[in-house]
Amino acid sequence: MGKDAKGGKGKAKQAGGSEDGGAKGKGKSGKSADGLGTCTYVKARHILCEKQGKINEAYKKLQDGWLSNGDKVPPAEFAKIAAEYSECPSGKKGGDLGWFPRGKMAGPFQEVAFNTVVGATSPPFKSTHGYHIILAEGRKN
């Protein structure tokens, strides 16, 4: 209860592996093809809410529109929901955090960002700043 940031989820979905750079590292690296946990930079959007109820509302919108059908949330649609719900200044930019290196973000946020498959949306999780949902948009070394 309250420790809902235990990872382990993102690794089950490894279908979207070819989005980490195209022809460059398509299996030669010896690391996992999807780049989970091995990349140096992640490009992500997020929604941040102080209250758990509000982040759950935002996640329900994502579920009703895409996730419950097994679809990926289009970045433009995620951006609309981030603009509506996020309490982070990045919400005005659709939750866009751009590219950030490993070590820049705090604890659970970094864990989830670097372990979410490109194109996938994380379930809500708690950090020291509040409750988040992350959409991973890219990864590179």
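**Strand pairing and nonpolar cores**

Arg-45 stands opposite Leu-135 in strand 4. This pairing belongs to a predicted model. Strand 1 and strand 4 run antiparallel and are joined by nine bridges. Strand 4 also pairs with strand 3, again antiparallel, through three bridges. Here Phe-125 has His-132 of strand 4 as its bridge partner. Two residues separate strand 3 from strand 4, and the two strands form a hairpin. Strand 4 is mostly covered, with nine of its 11 residues buried.

The largest nonpolar core comprises 15 residues. Those with the most contacts inside this core are Ile-47, Ile-55, Ala-58, Leu-62, Phe-78, Ile-81 and Ile-133. Two or more residues each come from strand 1 (41-49), helix 1 (52-65), helix 2 (75-85) and strand 4 (130-140). In soluble globular proteins, nonpolar side chains tend to be buried together.

Ile-47 illustrates the contacts in detail. Neighbours within four places in sequence are left aside. Ile-47 then touches Ile-55, Ala-58, Phe-78, Ile-81, Ala-82, Tyr-85 and Ser-86, among others. Its contacts also include Tyr-131, His-132 and Ile-133.

Val-117 lies in the loop between helix 3 (107-115) and strand 3 (125-127). Val-117 counts as buried because its relative accessibility is 6%, against a cut-off of under 20%. The C-alpha atoms of Val-117 and Arg-139 are separated by 9.2 Å. Along the chain, these two residues are 22 residues apart.

Terms used
Residues are numbered from 1 along each chain as its sequence is written. This is a predicted model: local features need pLDDT of at least 70, side-chain atom pairs count only at pLDDT 80 or more; totals for chains, interfaces and linings use all residues. Side-chain values use heavy atoms; hydrogens and water are left out. A nonpolar core is a set of buried Ala, Val, Leu, Ile, Met, Phe, Trp, Tyr and Cys residues joined through side-chain atoms within 4.5 Å. Buried means under 20% relative accessible area, exposed over 50%, partly exposed in between (1.4 Å probe, protein chains only). Helices (H or I, at least four residues) and strands (E, at least two) are DSSP runs, numbered from the N terminus. Contact means heavy atoms within 4.5 Å. Two strands pair if DSSP finds at least two bridges between them.
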